[in-house]
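Let's take a look at a protein chain together. Have the sequence and the 3D view ready, and then read on.

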Amino acid sequence: MSTLRQALYGIALLGALALLIWGQQQRINVAVGKAERAEAAAKTASADADRNLTTANTLTTALKQERDARAPCALSRISCAKAWQSASEP
């Protein structure tokens, strides 16, 4: 093999190796970018979950208060209905 051919093969080999290393670096950069976006999305999702939990707890408390406020009305309606039935019976 001539010296020129060996030099060309060497340069081609080094070029292929450089392209391989460059390609791997690009893949690493993309993976790091995706990881950063995933971390940001996870933080946002966690904040959303906290807000949703607060809202659910607030709504649960409001519903309980409303049910507690309506409970005497429901009992008095039942009493009124029973009294009405007994009064209408002969």
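## Ground rules

This is a predicted model: local features need pLDDT of at least 70, side-chain atom pairs count only at pLDDT 80 or more, and totals for chains, interfaces and linings use all residues. Residues are numbered from 1 along each chain as its sequence is written, and side-chain values use heavy atoms, with hydrogens and water left out.

## The whole chain

The protein chain has one helix and zero strands. Both terms come from DSSP runs, numbered from the N terminus: a helix is H or I with at least four residues, a strand is E with at least two. Helix H1 covers residues 3-88.

How much of the chain is buried? Of its 90 residues, 1% count as buried. Here, buried means under 20% relative accessible area, exposed means over 50%, and partly exposed is in between (1.4 Å probe, protein chains only). The chain exposes about 8,100 Å², with carbon and sulfur atoms supplying 65% of that area. Such areas come from the Shrake-Rupley method with a 1.4 Å probe, and for residues only the protein chains shown count as cover.

The rule is a side-chain nitrogen of Lys or Arg within 4 Å of a carboxyl oxygen of Asp or Glu. One of them pairs lysine 43 with glutamate 39, where the closest N and O atoms are 3.8 Å apart. These two sit four residues apart in helix H1, so about one helical turn separates them. Lysine 43 is exposed at 58% relative accessibility, while glutamate 39 is partly exposed at 48%.

Another salt bridge links aspartate 48 and arginine 51, at 2.1 Å from N to O. Being three residues apart in helix H1, they are also separated by about one helical turn. Aspartate 48 is partly exposed, at 30%.

Then there's aspartate 68 with lysine 64, at 2.9 Å from N to O. Both belong to helix H1, four residues or about one turn apart. Aspartate 68 is partly exposed at 45%, and lysine 64 is exposed at 52%.

## A nonpolar patch

Which residues make the nonpolar surface patch? Leu14, Leu17, Leu20 and Ile21 do, and the patch is about 410 Å². Patches are made of residues with over 30% relative accessible area and no salt bridge; like charges are joined within 9 Å, and nonpolar side chains (Val, Leu, Ile, Met, Phe, Trp, Tyr) within 5 Å.

Leucine 17 lies in helix H1. It is partly exposed, with a relative accessible area of 44%.
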